[in-house]
Amino acid sequence: MTSTAQQPAAGGLSARPDRLRHVVFIAASAAMGGFLFGYDSAVINGAVEGIRGRFDVGAGTLGAVIAIALLGAAGGAMLAGRLADRVGRLRVMQLAALLFLASSVGSMLPFTAWDLSFWRIVGGAAIGMASVIGPTYIAEVAPTQYRGRLVSFQQAAVVLGIAVSQLVNWMVLTLADGDQRGSLLGLEAWQVMLGIAAVPAVVYGLLALRIPESPRYLISAGRTDEAKDVLRRLEGEHVDLDARVAEIERSVRSDDAPRFRDLRGRFGLLPIVWVGIGLSVFQQFVGINVIFYYSSSLWQSVGIDPSSSFFYSFTTSVINIVGTVIAMVLIDRVGRKPLAVTGSAGMAVSLSAVAWAFSHKTGTGDNISLPDTQAAVALIAAHTFVLFFAMSLGVAVWVLLGEMFPSRIRAAALGVAACAQWIANWLVTATFPAMSEWNLSGSYVIYAIFATLAVPFIIKWVPETKGRTLEEMG
């Protein structure tokens, strides 16, 4: 939400650390939704075997319970853009916080697998809202020269949420003597894991009460004086506020409350919307969330003991943070596309190595194992896969989706792309238990193929948005 008129302010902003700290605080507060997005998505990893045992469900039903939150996320993503344009960005954040809170309490105290599924849908809707409103809001308040790094706060928060959830799960499991169904605080351990998500949900809601509304929304709602006040705090006294407001008003007038029909084009949707959908699908079809939703069960399925499997889930989350930090440092320097292409190629190689290692699995039932060499390759390659994902598609896709669409359709198009991402995520998550029973190695071959196909797709179709203002994307 910046223009070339702002460019001379780069030095001024750098010379005013208080203003920069204010912008960083706002971005970090909005990205707290990303933390909950990551936490709520991945915390289920520690509860999979507990849910299987508590409700005595098979692979198909288990996959449905785990994955059903992603259908809620698809719905939340579709609604978020429209709600944000009607009631404001902050109201959507506050609603998401309430849904996160309700879901965590309900998931902690389920009676059956079916009401657990309902509460997971509620939490999924909150995840979908957070996945859309975070990058949208941050892109609208961030100065151009910092936008890539500030928008990437969302993904940084996601991976931090994933890591914290795995650490919490490991600690809870340790307190329960390594048993997901062990007694803790009058509940089973897996229930405690799911209930702890209520804490960051409350924090998110409180932070959403502390940050200003997007100037873009305020102007669209006719609250120009409030918008000027926010712009003054974000961009400083040196900015011509009347000119900035006029620029945003021109952009807002071209928006006209974007609807799905505004996205229609020659091939059903506008080409740029198809590109956004393609990016979202590739991000999920490489199988990243198999690591974050099922890694504890995955490592146990190849002979690793439960405590070690939870520890490896945590170490992959740490690697995820490292890769995200690398991406945040590089994304405004080398660009979005080079990171995405390099990472996709690295993932293809890593996934192929995992597939080869798992093809040497031997034994049945509780006597499954991998030879030492293949076990080492599987662990190293899985961590390398997460590193390449985090430093490429993990960050670059969300930054691109927040930047690549023309202003008049940005909220609606981002909602559609995010919805496609959640549907793709659901497909991968729901099918993995059955696929792993069919052929664990073959599953990873399929993910490797999609990582390979992502490379030519990104090179040919994805626009580079580095250094371009949001208005220029029209």
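**Exercise 1. The second largest cavity**

Task: Sort the residues that line the second largest cavity into nonpolar, polar and charged.

Solution. The lining holds five nonpolar, five polar and two charged residues. (Nonpolar: Ala, Val, Leu, Ile, Met, Phe, Trp, Tyr, Cys and Pro; charged: Asp, Glu, Lys and Arg; polar: the others, including Gly.) The model is predicted: local features need pLDDT of at least 70, side-chain atom pairs need 80 or more, and totals for chains, interfaces and linings use all residues. Numbering starts from 1 along each chain, and side-chain values use heavy atoms, without hydrogens or water.

Now name the residues. Asp40, Val43, Ala69, Ser103, Ser104 and Ser107 are among those in the lining of the second largest cavity. Arg120, Gly123, Gly124, Ile127, Leu194 and Ala197 also line the second largest cavity. Next, the elements: α6 and α7 (113-141) each give two or more residues to this lining. The largest share, four residues, comes from α7. (Helices are DSSP runs of H or I, at least four residues, numbered from the N terminus.) Last, the volume: the second largest cavity has about 110 Å³.

**Exercise 2. The largest cavity**

Task: Find how many cavities of 30 Å³ or more the whole structure has, then describe the largest cavity.

Solution. Step one: the search finds three cavities of 30 Å³ or more. (Volume is the space filled by probe spheres set on the points.)

Step three: 18 residues line the largest cavity, and Phe37, Gln155, Val158, Gln284 and Asn289 are the closest to its centre. Step four: α3 (32-42), α9, α15 (271-285), α16 (288-301), α20 (393-403) and α21 each give two or more residues to this lining. With four residues, α16 gives the most. Step five: the lining of the largest cavity divides into nine nonpolar, nine polar and no charged residues.

**Exercise 3. Aromatic pairs**

Task: Count the aromatic pairs, then classify Trp170 with Phe314 and Tyr444 with Tyr447.

Solution. The count is nine aromatic pairs. (Rings of Phe, Tyr and Trp, using its six-membered ring, pair if their centres lie within 6.5 Å; planes under 30 degrees apart are stacked, over 60 edge-to-face, the rest tilted.) The ring centres of Trp170 and Phe314 are 6.3 Å apart with planes at 20°, so this pair is stacked. Trp170 sits in helix α9 (residues 153-175) and Phe314 in helix α17 (residues 306-334), so the pair ties together parts 144 residues apart in sequence. Trp170 is partly exposed at 28% relative accessible area, while Phe314 is buried at 18%. (Buried is under 20% relative accessible area, exposed over 50%, partly exposed in between, with a 1.4 Å probe and protein chains only.)

Tyr444 and Tyr447 have ring centres 5.5 Å apart and planes at 80°, so they are edge-to-face. They lie three residues apart in helix α21 (residues 410-461), about one helical turn. Both Tyr444 and Tyr447 are buried. With Phe358 they form one aromatic cluster.

**Exercise 4. Gln94**

Task: State whether Gln94 is buried or exposed, and place it in its helix.

Solution. Gln94 belongs to helix α6 (residues 89-108). Its relative accessibility is 17%, so Gln94 counts as buried. Beyond neighbours within four places in sequence, Gln94 is in contact (heavy atoms within 4.5 Å) with Ala208 and Leu209.

Notes:
1 Å grid on protein atoms, 1.4 Å probe; cavity = no way out; pocket = protein on both sides within 12 Å on 5 of 7 lines; lining within 4 Å.
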